[in-house]
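Here are my notes after a pass through the model. Have it open beside you as you read.

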Amino acid sequence: MKLYTYQQAPNPLRVHVFLAEKGISLPTETVDIRAGETRAPDFKMINSLGEVPALELDDGQLLTESVAICRYLEALHPETPLMGATPFETALIDMWTRRMEQQIMAPISQFALHSFEIFADKIEQLPDYAATQLRLQKKRWAWLDTELSDGRTFVAGDRFSVADITGMAALRICDFAKEQVPEDLPHTKRWERAVRDKKSWPS
Ligand SMILES: N[C@@H](CCC(=O)N[C@@H](CS)C(=O)NCC(=O)O)C(=O)O
């Protein structure tokens, strides 16, 4: 098995945190996004979208999409479960993974896509749209704060899960964008401290 990755980037980070939490490692090949390697024809044979992470199995089959890669690794290495141990927990974590992707990670990702120089030749950038996404991000952090006001440690309960890892990827993009979770959101801040304190958080 081989993981095509660029460890500093938010979506590969999801798989690296997942592996670290499980205590497993995989052979990796770095595909340098900044050098344009993800967009090269050779790499597009691996992922036609030109994105990392991608997982190549020993028989040559390929998986892309960080959550799908995590799902495969979870099946191979069920301990410690990060995607649920009971039918309800599994569904709840799926629910929160979608929420963290769509509500929390999407606005800051859109801001990055529409404002970072590195994406200028990837999409048609709309600076006004980027600004709306930054405003939306603040509202979404506030929404998460209300959700976490029951005092739970992690987004899908008291057990750390892949849904929190998706949130970590959003925080990573915030770091690149020099954006912070607002100080007046105590519950979101508590969650942020909990995930940033994890050993698996990349230094
Ligand atoms: N939905 C995909 C997104 C993958 C993605 O956007 N990867 C980015 C890095 S975070 C990438 O490889 N970008 C390459 C480029 O922009 O050239 C996943 O979850 O794996």
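1. Start where two helices touch: W141, L144 and D145 in α5 meet P186, H187, T188 and W191 in α7 (contact means heavy atoms within 4.5 Å; helices are DSSP runs of H or I, at least four residues, numbered from the N terminus). The residues of this contact divide into four nonpolar, two polar and one charged (Ala, Val, Leu, Ile, Met, Phe, Trp, Tyr, Cys and Pro count as nonpolar, Asp, Glu, Lys and Arg as charged, and the others, Gly among them, as polar).

2. A word on the source: this is a predicted model, where local features need pLDDT of at least 70, side-chain atom pairs count only at pLDDT 80 or more, and totals for chains, interfaces and linings use all residues. Residues are numbered from 1 along each chain as its sequence is written, and side-chain values use heavy atoms, leaving out hydrogens and water.

3. As for geometry, α5 (residues 127-147) and α7 (residues 186-196) pack at about 90°, axes 7 Å apart (axes are lines fitted to C-alpha atoms, for helices over the stretch in contact, and angles run from 0 to 180 degrees between N-to-C directions). That makes α5 roughly perpendicular to α7 (65 to 115 degrees).

4. W191 in α7 also turns up in the contact with α6, alongside E192, V195 and R196. On the α6 side sit D164, G167, M168, L171 and D175. This contact has four nonpolar, one polar and four charged residues.

5. Now the ligand: a polar side-chain atom of S66 lies 2.6 Å from a ligand oxygen atom, and one of K122 lies 2.9 Å from a ligand oxygen atom (polar contacts being pairs of N or O atoms within 3.5 Å).

Note on methods. Parallel < 35°, antiparallel > 145°, perpendicular 65-115°, else oblique. Polar contact = N/O pair within 3.5 Å; in protein donor to acceptor, adjacent residues only side chain to side chain.
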